[in-house]
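Let's take a walk through this fold together, from a helix to the cores and then out to the charged pairs. Please have the sequence and the model open side by side.

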Amino acid sequence: MRIQRQVVDYALQRRSLLAEVYAGRVGVTEVCDANPYLLRAAKFHGRGSDLICPICRKEQLTLVSWVFGDGLGPVSGSARTAEELVRLAATQEEFSVHVVEVCRTCSWNHLVQSYVLGLTPAPKQRRSRRAAPSRRIATE
């Protein structure tokens, strides 16, 4: 079972950006700029959502989960499926997940949510003062 921690929801930022687009203050080309790598990740690693694209209104959005973390090695910075996230969460130390919604028709994309998964690192042991070796002073 995966436990999401430190969840950040970007719904207000999304709503604000869409209001700017609908009002004509931000161009559609500025928000429909998904790169080919993101579009391929949506095709092969994404999961469908119930939301229709807010820009083109032609298809349902795809959610893509990206993982980032020092302990992940070459896996860091790549898209992962839900099954892979469960496996990583059970075997790796803490890492962050960024969920991006993507329209494969018009290239709309926006960060939807971020959170932390993985094993909580063990707290670092502090040396207590009593355990430290006594220091000699110059008069000894």
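A word on the ground rules first. This is a predicted model, in which local features need pLDDT of at least 70 and side-chain atom pairs count only at pLDDT 80 or more, while totals for chains, interfaces and linings use all residues. Residues are numbered from 1 along each chain as its sequence is written, and side-chain values use heavy atoms, leaving out hydrogens and water. Helices (H or I, at least four residues) and strands (E, at least two) are DSSP runs, numbered from the N terminus.

Let's begin with helix H1, residues 11-23. The expected span of a helix is 1.5 Å times one less than its number of residues, so the 13 residues of H1 should span 18 Å, and the end C-alpha atoms, 18 Å apart, agree with that. Just after H1 comes Gly 24, with a positive phi of about 85°.

Now look inside. In soluble globular proteins, nonpolar side chains tend to be buried together. A nonpolar core here is a set of buried Ala, Val, Leu, Ile, Met, Phe, Trp, Tyr and Cys residues joined through side-chain atoms within 4.5 Å, where buried means under 20% relative accessible area, exposed over 50% and partly exposed in between (1.4 Å probe, protein chains only). The largest such core has eleven residues, including Leu 63, Leu 88, Phe 95, Val 97 and Tyr 115. Two or more residues come from each of E3, helix H4 (82-91), E5 and E6. Apart from this core lies another, of ten residues, among them Leu 18, Val 21, Cys 32 and Cys 53.

Thr 62 counts as buried because its relative accessibility is 9%. Which residues does Thr 62 touch, not counting those up to four places away in sequence? With contact meaning heavy atoms within 4.5 Å, they are Ala 42, Gly 46, Arg 47, Val 100, Glu 101, Val 102 and Arg 104. Leu 63, a member of the largest core, has contacts of its own beyond four places in sequence, including Ser 49, Val 99, Glu 101 and Val 112.

Glu 101 leads us to the charged pairs. The structure holds three salt bridges, each a side-chain nitrogen of Lys or Arg within 4 Å of a carboxyl oxygen of Asp or Glu. Glu 101 pairs with Arg 14 at 2.4 Å, N to O. This pair links distant parts of the chain, with Glu 101 in strand E5 and Arg 14 in helix H1, 87 residues apart. Glu 101 counts as buried because its relative accessibility is 2%. Another bridge joins Arg 25 and Glu 20 at 3.1 Å; Arg 25 is exposed at 57%, whereas Glu 20 is partly exposed at 27%. Arg 80 and Glu 84 meet at 3.3 Å, and Glu 84 is buried at 17%.

Finally, turn to two loops. Arg 57 sits in the loop between strand E2 (47-52) and E3, with a positive phi near 55° in a residue other than glycine. Ser 107, in the loop between strand E5 (95-102) and strand E6 (109-117), has a positive phi near 75°. Are these residues buried or exposed? Arg 57 is exposed, at 57% relative accessibility, but Ser 107 is buried, at 14%.
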